[in-house]
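Trainee: Hi! Could you walk me through this one? I'm new to reading structures.
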Amino acid sequence: MISEEVKARLREVAARYPQARSAMLPCLHIVQDAEGYVTPEGILAVAEAIGVKPDEVESVVTFYSMYHQEPIGRTVIKVCTSIACYLHGCDETLAKLERRLGIQKGQTTPDGRYTLEGVECLAACGMAPAVQVNGEFAEQMTPDKTDALIDTLEQHGPGAIRNYWRQISEGRGMATETTLGSVGATAETGAPASNGNGNNAQTTGETKSRGQRQKGSR
Ligand code: FES
């Protein structure tokens with residue numbers, strides 16, 4: 001259910017644009033943030049706010065992998081599977097993540113902590129293979145870095161990833177508990193997804209594969 005407050009926010013954002021339809025992407029972020037994913041009601045609300053047909057909004061939702069049409073985990077890990085990342089071993093990274101989280105690509109862990117996705121180019125081809133965690137990049141992934149990434153998420157939650165990757169990219173090795181703690185990361189509680197038997201950008205405009213679009217539009 002889209003609240004009146006959210007609808008007012010949609011109208012406010014739409015009014016900032018010379019053509020209201022140009023506000024489609026930020027409006028979709030608003031409804032997704034409000035409900036955790038883009039519901040059919042969210043699509044209708046956005047369509048009404050910007051004056052387009054719901055079909056047009058849905059076609060955008062199903063095109064971009066940053067929008068979800070079903071509940072997702074609190075931490076969303078996206079692995080680029082396009083050509084540059086493929087040539088640099090993204091399959092190995094993806095397989096490692098699947099083993100660590102105990103889920104397959106496209107799935108969410110039963111505890112709702114992680115969603116793992118394979119996506120088209122994340123526009124970080126020069127640093128392949130590339131991964132995004134809640135919109136933050138982790139690049140040039142190796143099996144060791146993949147382990148360190150999950151360890152960091154387990155210990156400090158998704159908020160720690162920005163600092164984690166800064167250290168990796170500056171060649172200072174894996175993040176330490178002390179430095180990660182300094183960014184005010186919040187540790188999550190619950191069963192660890194790292195036990196191997198698992199049971200879970202928005203700035204780049206990353207798009208969905210054909211299979212994802214078909215799945216999302218059902
Ligand atoms: S091919 Fe992977 S980021 Fe472009």
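Trainee: Is A123 partly exposed or buried, and how many other C-beta atoms lie within 10 Å?
Mentor: A123 is partly exposed, with 15 other C-beta atoms within 10 Å. Buried stands for 20 or more other C-beta atoms within 10 Å of a residue's own, exposed for 12 or fewer, and partly exposed for in between, with C-beta atoms placed from the backbone. Residues are numbered from 1 along each chain as its sequence is written. The model is predicted, so local features need pLDDT of at least 70 and side-chain atom pairs count only at pLDDT 80 or more, while totals for chains, interfaces and linings use all residues.

Trainee: Where does A123 sit?
Mentor: A123 is in the loop between β2 and β3. Its phi is positive, about 65°, although A123 is not a glycine. In general, most residues other than glycine have a negative phi, and most peptide bonds are trans.

Trainee: Which peptide bond is cis, then?
Mentor: The one from A128 to P129, with omega near -5°. P129 belongs to the loop between β2 (114-119) and β3 (131-133).

Trainee: And what is phi of N134 near?
Mentor: Phi of N134 is near 45°, a positive value in a residue other than glycine. You'll find N134 in the loop between β3 and β4 (136-138). N134 counts as partly exposed, having 18 C-beta neighbours inside 10 Å.

Trainee: New topic! How many helices and strands are there?
Mentor: The chain has ten helices and four strands. Helices (H or I, at least four residues) and strands (E, at least two) are DSSP runs, numbered from the N terminus. Their order from the N terminus is α-α-α-α-β-α-α-β-β-β-α-α-α-α.

Trainee: How much of the chain counts as buried?
Mentor: Of its 218 residues, 40% count as buried.

Trainee: Which residues of α7 are buried?
Mentor: They are K145, T146, L149, I150, T152, L153 and H156. Seen down the axis of α7, these buried residues fall within an arc of 160° (taken from the directions from the helix axis to the C-beta atoms), so they line one face of the helix.

Trainee: Why can spaced-out residues point the same way?
Mentor: An α-helix has 3.6 residues a turn, so residues three or four places apart do that.

Trainee: What's on the face turned away from the buried side of α7?
Mentor: That face carries the exposed residues P143 and D144.

Trainee: How far apart are the end C-alpha atoms of α7?
Mentor: They are 20 Å apart, which agrees with the 20 Å that the 14 residues of α7 (residues 143-156) should span at 1.5 Å a residue. The expected span is 1.5 Å times one less than the number of residues.

Trainee: What follows α7?
Mentor: G157 does, and its phi is positive, near 80°.
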